[in-house]
Amino acid sequence: MILSIESSCDDSSIAITEIKTKKLLFHKKISQELKHSKYGGVVPELAARLHAETLPKILQECKMFFPKLKAIGVTNEPGLSVSLVEGVMMAKALNIALDIPLIAVNHLKGHISSLFIEKDGIFPMITLLVSGGHTQVLKTKNFFEYQILATTLDDSFGESFDKVSKMLGLGYPGGPIVEEYAEKGDENRFNFTIPLYNSNRIAFSYSGLKNQVRLAIKSLNDLNQQDKYDICASFQKTAVDHLLHKLKNILKNYSHEVNLFSIVGGASANKYLRDKIFNLCKKFDLELKLADLKYCSDNAAMIGRYAIEAYTKQIFTPLEALEASPKIF
Ligand code: KG4
Ligand code: ZN
C-alpha cells in the first residue's frame, strides 16, 4: 500500500491506496475553506498552522495500515511553500520511522491522475487544467509526460472566480458561489469583452476581465441581489467563452492526434464549463473524460494514484532531495 499526503494549499488530506488493485482503502480530507473565507482568500500562515494541526490527526486514523506500507507519496510542488512543507516534513518523518521510500508528486500530475482513481490510465489526451493556481492546456502523453500547449499570462480561471466573489462580498472559495449565483442571473446583461479575442496568441488572460467586473460593480453603486446574479452570470459566460475560443484553435491543430479530452483541477467541477466543453468535444469528435466531482478539488487520492505509477517504475526521491518547492512552470 502507498500512503499519500496532499497539503499544497488549504486542504489537508491523506489517502491509502492498494498498489496492485489501485483500490482506495482510506481517504480523508479536511478543508480549511471556512477558516479562510472571512479573509476572501487563503492566508498562508494560517494554512500552515492548520495543516500542522490536522495532518497528524488524520495520520493517526491510518496507523493500522502502517505495517503494509511500501512507499510514501507527497505533493512537493507547486503550491504555497509554507503549506507544502507541512506535508513534506510529515513524509520525511514517516520515511525515517518506517524505512520506506519517498515519492515526490507534482500537484499538476496529481490532478491529471484524478481522472484514473481506482482505474487504469488511458492516454494520450488533451487536458484542460483549471484550478486556483493554473489555467493550462496540455497534451498529456502518459502519467509522467506532457507538453504545455497554452497557459495563462496572469490570473488563473479559478482565481478569477475567487476575485469576483471577493469583489461582490460573497466569500471564499468563489468558484462554487459564483456558479450558483450565475444560475439565477442574465448572462447577457453585461457585455464583458472576451480576453485576447482578436489576438492570435494561444494563451489565457483573466486580469482584464476581473477589471471589467470591478468597473461594472463601481458603475452600479448600490448592488441589489439580481445585479449580483447578473454580474456572476455575465462574468462566468465570458470566462468560459474565452477558454472555448482558444481551445477551438488548439483543437484544430491537435484533435487528430488524440481521441480524448479531459478537464481537471478544482474548477473542473463547474457544470456550466462541463456542458460547454462537452459540446465542443462533440464538434471535434473527442470523448470527454472528467474526474468524479469529489476528486476535482485538491485531495490525497489523486496523489496516491500518481504514486502507484511511480512505484511501479521504481521512481523514488531520496530524503535529501525531497524539497517543498513553490515553483510554477
Ligand atoms: O484544484 P484546486 O482545489 O486547488 C488548486 O490547486 O488551486 O482548485 C481550487 C480553485 C479555486 O480557485 C476555486 O474557486 C475553483 O477552483 N473552483 C471553481 C469551482 N469550484 C472550485 N471555479 C469555478 N467553478 C466552480 N464550480
Ligand atoms: Zn489543485
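Me: How many residues surround ligand 1, and which are the closest?

Reply: A residue is counted as near the ligand if one of its heavy atoms lies within 4 Å of it. In this predicted model, 20 residues surround ligand 1, and the closest are Gly132, Asp162, Glu179, Gly266 and Asn270.

Me: Which classes of residue make up the shell around ligand 1?

Reply: The shell has twelve polar, four charged and four nonpolar residues.

Me: Which helices and which domains supply the shell around ligand 1?

Reply: At least two shell residues come from each of α4 (107-113), α5 (157-167) and α6 (174-183). Domain 1 (2-117 + 295-321) and domain 2 (125-290) each provide at least three residues of the shell.

Me: What is the volume of the second largest pocket, and which residues line it?

Reply: Rolling a probe the size of a water molecule over the atoms shows where empty space is left. The second largest pocket has a volume of about 180 Å³. Its lining includes Ile194, Tyr197, Asp241, His245 and Lys283. Both α8 (225-254) and α9 (271-283) supply at least two residues of this lining. By class, the lining of the second largest pocket divides into four charged, four nonpolar and two polar residues.

Me: Where does the backbone contain a cis peptide bond or a positive phi?

Reply: Most residues other than glycine have a negative phi, and most peptide bonds are trans. Here, a cis peptide bond joins glutamate 77 and proline 78, with omega about -25 degrees. Proline 78 belongs to the loop between β4 (71-77) and α3 (81-98). Another cis bond runs from tyrosine 172 to proline 173, where omega is near -5 degrees. Proline 173 is in the loop between α5 and α6. Glutamate 118, although not a glycine, has a positive phi of about 60 degrees. Glutamate 118 is located in the loop between α4 and β6 (125-130).

Methods: Residues numbered from 1 in each chain as written. Chains lettered and ligands numbered in written order. Predicted model: local features only at pLDDT ≥ 70, side-chain atom pairs only at ≥ 80, totals over all residues. Heavy atoms only, no water. Helix = DSSP H or I, 4+ residues; strand = E, 2+ residues; numbered from the N terminus. Nonpolar A, V, L, I, M, F, W, Y, C, P; charged D, E, K, R; others polar. Domains from an automatic or database assignment. 1 Å grid on protein atoms, 1.4 Å probe; cavity = no way out; pocket = protein on both sides within 12 Å on 5 of 7 lines; lining within 4 Å. Points joined across faces, edges and corners; volume = space filled by probe spheres on them.
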